[in-house]
Structures are given as C-alpha cells and as structure tokens.
Amino acid sequence: MQRKIQIIYVALISMGLLLATVAFFWSTRVQIIHPSGMIAEKERDLLVFATLLMMVVVIPVFVLTFVFTWKYHVQNKNSKYLPNWDHSVSLEALWWGIPLIIVAVLSVVTWDQTHKLDPYKPIASNKEPLTIQVVALQWRWLFLYPQQGVASINLFQFPKDRPVKFEITADSPMNSFWIPELGGQIYAMPKMQTELHTISDRVGKYRGSSANISGKGFADMVFVAEVVEEEDFDRWIQSAKQAEVLDFAGYRALARPTEDREEKLFRLDDLKLFDQVINQYLVPGGRL
Amino acid sequence: MEHIVKDHELYRKTVFGFWVYLMTDSILFSVLFVCYILLHTSNFGGPTTHELYSLRLVFAETMVLLTSSFTIGIARLYASRQLVRQTLIWLGITFLLGLSFVVMEGTEFTQLVLEGNSWKRSAFLSSYFTLVGTHGIHVSFGLIWIIFTFVLLAKRGMNEHNFRRLTTLGIFWHFLDLVWIFLFSIVYLMGAK
Amino acid sequence: MKEFIFGRLTLDAFKHDMIEYGAGVSMGLVAILVIYLLTVKKKWGWLWHEWITTVDAKKIGVMYIVVLLIMLIKGLIDALMMRAQQAIASGNQGYLGSEHFQQIFSAHGTTMIFFVGMGAVFALFNLVVPLQIGARDVAFPFLNAVSFWLFAMGALFLNLSLVMGNFGGAGWLSYPPLSGIEYSPGVGIDYWNWTVQIAGVGSLFSGINFFVTILRMRCPGMTLMRMPVFVWACLGTAVLIIFAFPILTMSLALLTLDRIMGMHFFTSDFGGNPMLYVNLIWAWGHPEVYILVLPVFGVYSEIIPTFSKKRLFGYHSMVWAIIAIAFLSFIVWLHHFFTMGASPGINSFFSIMTMAIAIPTGVKIFNWLFTQCRGRLTFATPMLWFLAFILIFTIGGLTGVLLSIPPVDFQVHNSLFLIAHFHSVIIGGVLFGFFSAFAYWFPKVTGFMLNEKLGKWAFWLWFVGFMLAFMPLYALGLMGATRRLDHYAADTGWQPFFIIAAIGGLVIAAAIGCQVLQFIVSIKQRKSNRDLTGDPWDGRTLEWSISSPPPFYNFAVTPTVEERDAWWEMKHKPKEKPVYKDIHLPKNTSMGFWIGVAGFFFAFSLIWSLYWLLPLSIIAIVTLAIIRLSDEEVEYTLKAEEIEKLEAQHGTHS
C-alpha cells in the first residue's frame with residue numbers, strides 16, 4: 001500500500017509542476033511566446049502546434065510508465081504475470097505507425113513553414129521595404145541605412161508596420177543576429193552576406209543580441225531595436241544626418257576591439273561602405 | 001597459406017581489423033577530398049589549378065606507384081611459397097619505387113614553395129598541399145613499414161607473423177594506390193584542363 | 001636560442017588569478033596525497049603490475065571509470081562556478097572575468113563529452129561486452145591499452161591547462177574564425193585541440209577493436225540474433241565511431257594546420273571557409289551524441305528484463321531500431337546550424353531526417369515499457385534511474401523535435417533552451433543510464449554490493465537537483481537568453497531563474513557527495529555485502545554465470561549458447577561437468593603506457609612550439625610501435641590443471 005501512495009504523490013507533484021510550468025509560459029514575461037512581430041508569432045504558433053502534436057506520444061508514455069509501475073509492482077499479487085510474453089505485432093504496428101504518422105504530418109507542416117518563414121524571403125506588404133545593413137564587430141553592432149544615408153551603433157530604429165530587410169555581415173568572428181521578440185535568427189559571418197526579413201506591428205524597444213560566441217566581449221553584444229511611428233523614424237533619420245560622417249577610415253577605427261556600449265549616430269555619405277567591409281576579405285591585402 | 005599460418009584466428013581477425021582501419025583511413029581521405037573540391041577554386045588572386053599542375057611529373061609518379069603495387073603483389077606471391085630471398089628482392093624493388101615517388105613529390109612541393117606558392121598563399125593551395133601531402137605521408141609510413149618487414153623477414157625467415165605482416169602491408173600499399181588514382185583524377189586530371 | 005628550447009613557454013604561462021591558483025594547488029595536493037599513500041603502503045609495484053601494464057579489458061574498464069569519475073567532479077565544479085557567476089552577474093560583472101568564464105564553459109563541455117561521456121561508453125564496452133559474448137578478452141588487447149592511455153593523456157592535458165597556460169575559450173567545439181590563430185593566438189585553443197585529438201584517436205582505436213570483437217569473438221552458438229541487445233547497441237556504437245571519428249581527426253588536424261602552418265582552410269580571408277569547419281565538426285558531432293546514448297539504450301534493454309523478471313519485448317524491433325538510429329544519425333548534422341543560412345529546401349530535408357530519428361527512439365521506449373507490462377517489477381537503484389530517464393529524456397526528446405523545426409529553431413538556437421534540451425538528453429539519458437549500469441554491474445566487477453539506501457538518496461537528490469537546475473533554463477531560453485553569457489542586464493528579469501538553477505547545481509553537488517559517500521560506505525561494508533553467487537540480481541545474460549569478480553580468464557570453459565538470454569536458459573537446466581582446456585592469454589606490457597606518454601610529448605611540443613621535442617616524440621612513437629609490433633611472444637599459456645585449481649578456489653557455478 002505504501003508503494004501505491006508513493007506513486008500517487010509523485011504523480012500529483014509531477015502534474016502540479018507541469019501545470020505550473022505551462023501557466024508560466026503563458027505569462028507575458030516569456031517573449032518568445034508573446035512576441036511583437038509577425039515572423040515571431042508564426043514561429044511561436046509552430047512551436048505550440050508541434051508540442052501539442054507530440055503530446056499524442058508523450059502523454060501515453062508518461063501514463064503507461066505510472067500505470068505499469070503501479071500495476072505490475074512485485075507487491076501487487078493480483079497482476080497477470082506472463083514472463084515469456086515478448087512480442088505483439090499489433091502493438092509494434094501501433095508504436096511504429098503512430099509516430100510515423102505524426103512525423104509525416106509534422107514534416108509536411110515543417111516543409112511548408114520553413115519555406116514561408118525563410119529568413120531570405122521578403123515579407124509581402126503594400127509598404128516599401130526598408131533596407132538596413134548590419135555589421136557585427138568586436139563587440140558591438142553597426143547599422144547602416146543605405147537608402148537614408150545614416151548609420152548607428154548599439155541602437156537602431158525602424159518604423160512599425162513596414163517590412164525590414166536586414167543585410168548582415170561581420171568584421172569579426174562568427175556572430176548571430178537575433179531579436180527574440182521580432183523573430184528569426186541568422187549568422188553574421190565575415191566575407192559573407194546573409195539576410196533576414198522582419199516586421200513589427202507595435203511600437204517598443206526590443207532587445208537584440210548575438211547568439212554565437214565571438215570572443216571576450218561577447219556578452220556585451222547586446223543592441224536595442226526600437227520600433228517607432230513613421231514620423232518619429234523620419235525625425236531620427238534627420239538627427240542622424242546632422243551627426244559626424246562615417247567614412248571607411250572612421251569605420252576601421254570603430255571596428256577595433258572594444259567593449260564600449262555608447263549609442264551613437266552617424267551620417268553615411270559612402271553608401272557602398274557595407275560592400276567595402278565585405279570586400280576586405282575578398283582581395284589580397286584588403287585587411288591591412 | 002595453410003602451412004604457414006598456424007593461428008588462423010589471430011591471422012583472420014588481424015587482417016579483418018586492418019581492413020576496418022583502412023575504412024577509417026578512407027573517411028579521413030574523403031574529408032580531404034571534400035575540402036579540396038570545395039576550396040580548389042579559392043585561389044585568392046594566386047595561381048589556379050590550371051597554372052600549377054605538371055601532368056608529366058604526375059604521370060611519372062603514377063607509373064611508379066602503380067608498378068610498386070605490382071611488385072609488392074609479386075613479393076607476397078613469393079612469400080606464400082615461403083621463398084624468402086625472392087620476397088626480399090621484390091620488397092626492395094617496391095621500396096625503391098615508393099622512395100622515388102616520395103622524392104618526386106617532394107621536388108614538386110619544394111618547387112612550388114620556392115616559387116612563392118606555398119600552402120599559405122590561398123585556401124586552394126592549403127587544400128592541395130594537405131591532400132597530396134597526407135597521401136605522401138602515408139606512403140612514407142609505408143616505406144618505414146617495408147624496411148621493418150624487410151629486416152624481420154631477413155632475421156627470422158617466413159614465419160606466420162611475418163606472413164601476416166606482409167599481408168597487411170600489401171593491403172595498405174594497394175589502398176594507397178587506390179587513393180592515388182582518385183587523387184590523380186580529381187586533382188590533376190580535372191585541374192589541368 | 002632560448003626561443004628554440006622553450007618555444008612559447010615562458011614564466012607567464014604559470015601566472016593565473018586566485019581561483020585558478022586555488023584549483024591548481026588543490027590538484028597538486030591531491031596528487032601529492034596519492035603519491036604519499038602509494039609510497040607508504042608500498043603499492044607502486046602493485047600499481048605497475050596490476051594496472052599500468054595491464055591489457056585485461058576488465059581492468060582497463062575500471063581505469064576508465066576512475067578517470068571519468070575524476071573528470072565528472074571537475075566538470076561539476078566548472079558547472080557550479082558557472083551557475084554562481086550567472087546567478088550573481090545581473091547588472092554587474094560577477095566574480096569571474098569574461099575570459100575565465102569562457103574557458104570554464106569550454107572546459108566543462110569538453111570534459112563532460114569526451115571524458116565523462118566517452119569514458120562511460122568505453123568503460124561499459126570493456127567491462128561488459130566480452131563477458132556478454134562469452135569471450136576471454138577483446139580482439140586486440142594491446143590496442144585496448146593504447147586507447148586507454150591516449151584517453152588518460154587527453155584528460156591530463158585538460159587538467160594541465162589549468163596550471164600551465166590556459167584552456168581555449170571558444171566553446172567545446174571551437175568554431176573558427178574565433179579559434180583561428182588570428183583571434184586566438186594563445187595556447188588555449190591548442191590545448192583544446194590536442195586534448196580532443198589525442199582522446200579521439202584512442203576512441204577510434206576502441207571503435208575498431210570492439211567492432212572486430214563483437215563480430216569475431218562471440219562464443220559458439222551465439223549468432224547475431226542471440227546476442228544481448230546491449231551488445232547490439234555496442235556494435236551500432238562501434239560502427240558510428242568507425243565512420244564518424246576520422247572526420248573529427250581530420251577537422252582538428254586542419255584547424256591545427258591553419259593555426260601552426262598558416263594554412264587557410266577556415267580563415268575568413270585568403271579564400272578559406274569557416275562554414276566548412278562547422279559542417280565537418282557536426283558531421284562528426286551528431287553521430288557522437290548517438291555514440292554517447294546508444295550504449296545506454298542497450299543498458300536499459302538489459303536492466304528492465306532483469307528487474308521485470310520477463311523477456312525483453314520486441315527483440316527484433318529493438319535491433320532494427322538501433323540500426324535505424326545509427327544510420328539516420330549520419331544524415332541530420334545540419335540541424336545544429338539551421339541559422340547559418342542554408343536554403344529552406346536543405347533546412348527542411350535535415351529537419352525531416354531529424355524528426356525521423358524520433359521514431360525508432362520512441363519504439364525503444366515503448367518496448368521497454370511493455371517489457372514491464374505483465375512482469376514482476378522490483379525497484380532497486382538501477383530501475384529508479386530508468387524511471388528518471390523516461391521523464392527527463394522524453395522531455396529532452398520533445399524539445400529536440402521542437403529544435404529540429406527550422407523556424408522554431410531560429411528562435412531558440414544557441415539559447416538556454418538548447419542548453420536545457422541537450423542536458424536533458426545527456427544527463428537524463430547518458431549519465432543516468434551510466435549510473436544505472438554502474439549500480440547494476442558494480443557487484444560483478446568488485447564482488448560486493450553498493451549500499452542501496454545511499455544509492456536511493458543520491459538518486460532523489462540528482463532528480464530534484466536536475467529539475468531545479470535545468471527547468472528554469474527552458475524558461476530562460478524562451479525569454480531570449482543566449483548561452484555562454486557571463487553577465488547580463490538587470491532589466492532582463494533573468495536573475496531569479498539563474499538563482500534557482502544555481503540552487504539546483506548545489507543539490508546535484510549534494511547528490512554526488514552522496515554517491516561518493518555510498519562508494520566509501522560500500523567499501524567499508526564490503527565483507528557483509530559480498531556477492532557470493534555471482535548473480536545477485538537473478539540475471540539473464542552470460543556475465544552472471546561466472547564469479548564476482550570474474551577470474552582474469554573470464555570463462556574457464558567457453559560457453560556454448562543455444563538461445564537468447566543464454567544464462568537464464570542455462571541456469572534452469574541441469575549443469576554439466578566442465579572439461580578444461582589450455583587457454584592462451586595476452587601478457588601484460590608497459591608499451592601501451594609508453595606510447596601514451598610519447599603521444600603526450602608529441603602534443604605538448606606542438607602546443608608550446610617546442611620544435612626540437614616534436615621529431616623526438618615522433619621517433620619515440622614509431623620506435624615503440626616497431627618494438628611492440630616485432631615482439632612475437634605476446635601471449636602465455638594457462639594450463640588446464642591450473643584453471644581447475646583456480647575454479648575450485650572461486651567456488652563458481654559455470
């Protein structure tokens with residue numbers, strides 16, 4: 001009897017903890033479950049869908065574990081004991097078959113959603129996309145606006161409801177560009193250009209960071225992505241145009257290893273600066 | 001062979017184990033081939049494959065290596081008939097052929113380095129030197145192994161241990177030949193067009 | 001001249017901060033204590049003859065366990081330091097500098113995967129496989145010893161880096177360009193490189209060894225389909241090792257060439273391609289995690305039937321599941337870097353293949369559960385670990401499938417969600433499986449039982465500790481926390497979760513304390529806990545048919561097998577009188593140890609650029625190999641009369 005009480009206790013405590021966990025994830029503190037951008041929302045939906053689908057297998061596993069532990073415990077004299085029962089075609093068909101079906105369903109959904117949520121895929125919208133070029137440095141992020149002729153460090157802005165196309169590279173070891181509340185993540189690699197598309201439907205300040213270790217100051221590779229109204233964005237661009245000019249020489253100074261967190265704005269006259277950064281790695285003598 | 005090998009279990013499991021080791025060596029070379037295939041166009045402004053490869057030298061190397069495979073085969077045939085002197089002669093010839101191969105490759109590498117086209121010049125050259133060089137290092141170890149087998153054979157005659165050693169050495173040598181054929185085709189033939 | 005002799009080695013290599021000094025001094029004190037005890041008890045001869053020169057798989061297995069337990073404690077200390085740092089560093093720098101923190105997590109991962117995980121795999125291979133197939137030893141006993149000494153030298157390097165120089169700070173896989181010579185010019189990455197490379201070569205040799213052993217040295221009558229499922233699992237693991245480890249060897253070699261000879265495989269300029277390294281290292285890395293977990297799946301396939309007093313359910317299914325998992329593990333590697341920018345078609349392919357692996361894994365879980373169904377279950381410690389495994393590994397598997405969906409992965413890649421996932425499967429799977437196996441086979445190896453009560457305490461502390469330490473990490477990952485951060489802003493709200501995780505770490509420390517205590521108490525009580533029958537659990541496979549501990553020749557008479565669960569069948573039939581024959585056993589040799597030492601100096605010379613030591617160590621390795629390989633007297637004969645005498649002393653029931 002004592003064994004059974006123990007098992008009940010464990011089952012109850014486990015269920016309680018599980019419910020508490022689920023309740024917690026529902027709270028708004030968990031940004032990935034409560035994001036602020038369309039891409040992140042779709043990614044969250046996929047996460048929830050897959051989790052629920054897998055419950056078809058996971059819940060029976062937990063239930064069976066408890067039931068068998070209870071029922072076939074050696075102290076339970078009433079249970080059937082079949083020491084040589086070691087195969088069943090129907091049961092095997094069940095546990096090869098049902099997971100197979102689940103994986104098949106999930107595969108179709110995955111194929112579809114992976115294509116729809118491809119970071120390189122432009123976001124359908126009636127508004128013109130804003131291009132922001134991103135350079136991962138040691139140990140901060142530089143944002144270039146080729147369409148507006150401005151640049152900023154450690155913080156950048158873009159208007160809400162407007163699709164944004166990030167063109168990303170690095171002048172440092174491999175980093176990863178990630179804004180959890182807006183969704184999507186892609187590596188920033190020297191000599192290469194990756195792309196990420198995103199859009200946000202609400203104003204706010206969103207934390208971004210690098211998700212791949214790049215040296216001593218890695219923990220400081222935090223930046224702020226600020227989503228604002230169109231008018232505020234235009235004002236920000238104007239103030240950046242009054243700031244100091246960023247040319248290639250100035251860029252090289254910025255790119256030196258530092259852990260400085262100061263947010264700065266620049267005017268960008270050389271709209272091809274981004275290509276120059278990448279080019280350093282492609283021509284002999286480019287990095288001197 | 002039955003009259004030489006007394007402990008069949010030891011012979012068979014050693015030879016089998018050696019084949020398994022060669023399987024792992026193939027994976028090693030596969031990684032190098034993959035790297036070469038992916039990097040051979042990354043010459044970073046330096047010379048390309050077309051500019052560097054001398055098919056004449058490579059042809060000579062190939063002939064030498066293929067012939068050495070033939071001669072080591074003959075050595076083993078004599079070994080299975082327990083004719084120690086002939087085995088030693090043909091092992092010696094194999095050694096000289098293998099040595100010529102290594103020397104030829106060494107001169108090819110030296111030439112490249114003196115021209116300024118060392119492995120530091122570009123990813124292409126790094127992958128070239130490493131792939132061809134790894135094969136060359138394997139052949140060099142094979143040469144040491146031939147000397148080792150030669151000495152033991154001369155001292156102890158054709159006992160089952162020496163026969164087993166010669167068997168695995170032969171398999172190793174043929175394997176290196178096989179890798180060379182891939183190398184020759186993928187690196188030199190495809191690169192020199 | 002000074003540079004030639006000392007290379008990169010200067011007095012600076014010995015300068016460290018207080019914590020590192022403390023660690024180094026502690027290690028030194030332990031070493032001195034061990035040397036003192038050996039000298040006072042006059043055990044040097046015993047150490048040399050019984051352990052350092054042994055080629056007996058059973059002893060080699062014990063040595064693997066010794067090393068792995070030491071490394072487990074070291075890895076745990078690393079973990080506690082990390083947990084403490086992250087619990088404190090909310091809006092401040094914490095107590096550890098960034099570089100030190102980065103070295104700690106890199107060492108933690110390297111230690112746990114290569115020395116605890118792989119150590120457990122090879123310990124189980126050595127201790128159990130020959131016994132379960134009715135063999136006297138492995139196919140290549142000398143190679144087995146070499147494998148162990150290379151493993152031990154790797155562990156030595158990792159610990160040496162604490163005292164002399166420093167360890168790499170680029171993670172347990174050291175991606176370039178960060179690990180290239182430009183961004184990491186010091187010796188740290190080289191230490192990491194050679195630690196892994198040397199241990200890796202040892203692993204490769206073991207893979208070959210056990211592959212040949214299982215295929216060639218089974219006793220008469222033991223066809224492949226009559227082998228215990230544990231042996232099948234080890235066979236699958238050996239195949240994985242054979243195909244995967246050469247990729248690791250080459251990847252590390254190419255990184256070495258980049259660093260030492262100025263090559264450009266993985267540099268970002270000169271035409272190199274860091275993405276190539278990422279692909280290669282994970283082409284090895286994914287099979288590696290299945291190498292770690294497959295033997296543990298095999299362990300459960302042995303333990304559950306024994307403690308359910310029932311045959312394993314679905315033997316054929318289990319075998320095919322192992323083969324499917326082994327095969328699939330080679331075509332999923334890209335799921336470790338969905339975010340590196342591959343096309344959606346490629347990402348989807350690898351995603352679907354990854355999900356497919358969940359199918360045979362689930363099949364195994366159901367077969368274990370239905371082995372229990374309609375059995376008679378008892379819950380000694382080995383079975384408790386199985387229950388924790390079911391809970392935690394299933395959560396790990398579920399989160400694994402979530403991670404395998406690219407768009408979801410974009411949100412959790414390299415976050416603490418990932419860390420929680422792999423700790424769930426590695427601790428819940430590999431580590432708990434190892435603890436289960438340890439409790440199960442301990443009496444066979446040592447001849448006495450482990451203290452059950454302390455075992456149960458350790459189990460509960462581990463279980464609760466694991467939950468406290470890792471469930472908050474799932475939450476943190478979903479809150480946008482990346483991995484490997486040594487400090488973070490206070491307004492992220494992460495600190496409470498890190499504090500809970502740190503408490504969990506302390507509970508785990510208490511659990512390990514319990515296990516150490518269990519070990520000590522069991523040794524003290526060993527006379528009253530003796531296993532006199534050789535079969536304390538009423539087992540089903542051949543290892544339980546001989547005495548505990550087994551005689552050095554394993555089986556006096558090689559058994560002949562007629563069906564699966566060979567010992568279960570044999571013990572319920574009348575016993576025949578044994579007929580003894582002469583047997584050949586391998587002699588002890590110190591060559592394995594010396595080759596390991598020469599390997600150590602080879603790597604040491606490359607780390608510190610001691611270019612005079614390099615050719616000397618290469619010559620030493622080649623010479624030692626030549627001496628050993630030309631030795632034709634490597635076996636001795638044990639006469640039948642001698643065996644009969646030894647058997648009578650044991651009082652066995654073979």
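In the predicted model, helix α6 (residues 141-163) of chain C and helix α18 (residues 591-607) of chain C cross at roughly 35 degrees, and their axes come within 8 Å. The crossing of α6(C) and α18(C) is right-handed. On the α6(C) side the contact is formed by C:Phe142, C:Ala145, C:Val146, C:Trp149, C:Leu150, C:Ala152, C:Met153, C:Leu156 and C:Phe157, which face C:Gly592, C:Phe593, C:Ile595, C:Gly596, C:Gly599, C:Phe600 and C:Ala603 of α18(C). Divided by class, the residues of this contact comprise 13 nonpolar and three polar, with no charged residue.

The crossing in which α4(C) passes α16(C) is left-handed. From α4(C), the residues C:Ile73, C:Leu76, C:Ala79, C:Leu80, C:Arg83, C:Ala84, C:Gln86 and C:Ala87 take part, and these meet C:Phe498, C:Ile499, C:Ala501, C:Ala502, C:Gly505, C:Ile508, C:Ala509 and C:Ile512 in α16(C). The contact of α4(C) with α16(C) contains 13 nonpolar residues, together with two polar residues and one charged residue. As for the confidence of the prediction in this chain, chain C has an average pLDDT of 94, and 99% of its residues score at least 70.

Between chains B and C, 29 residues of chain B are in contact with 30 residues of chain C. On the chain B side, the elements contributing two or more residues are α1 (8-39) and α5 (123-156) of chain B, and the largest share, 14 residues, is supplied by α1(B). The side of chain B that touches chain C consists of 18 nonpolar, nine polar and two charged residues. For the complex, the predictor gives an ipTM of 0.95 and a pTM of 0.95.

Chain A is divided by its domain assignment into domain 1, which is made up of residues 2-79 + 87-116, and domain 2, which covers residues 130-279. The centres of domain 1 and domain 2 of chain A, taken over C-alpha atoms, are separated by 40 Å. Contact between these domains involves nine residues of domain 1 of chain A and 12 residues of domain 2 of chain A. On the side of domain 1 of chain A that touches domain 2 of chain A, five residues are nonpolar, three are polar and one is charged.

Note on methods. Residues are numbered from 1 along each chain as its sequence is written. Chains are lettered from A and ligands numbered from 1 in the order in which they are written. This is a predicted model: local features need pLDDT of at least 70, side-chain atom pairs count only at pLDDT 80 or more; totals for chains, interfaces and linings use all residues. A crossing is left-handed if the near helix is turned anticlockwise from the far one by less than a right angle, and right-handed if clockwise. Helices (H or I, at least four residues) and strands (E, at least two) are DSSP runs, numbered from the N terminus. Two residues are in contact if their C-beta atoms, placed from the backbone, lie within 7 Å. Ala, Val, Leu, Ile, Met, Phe, Trp, Tyr, Cys and Pro count as nonpolar, Asp, Glu, Lys and Arg as charged, and the others, Gly among them, as polar. Domain bounds come from an automatic or database domain assignment. Axes are lines fitted to C-alpha atoms, for helices over the stretch in contact, and angles run from 0 to 180 degrees between N-to-C directions. pLDDT is the predictor's confidence in each residue, from 0 to 100.
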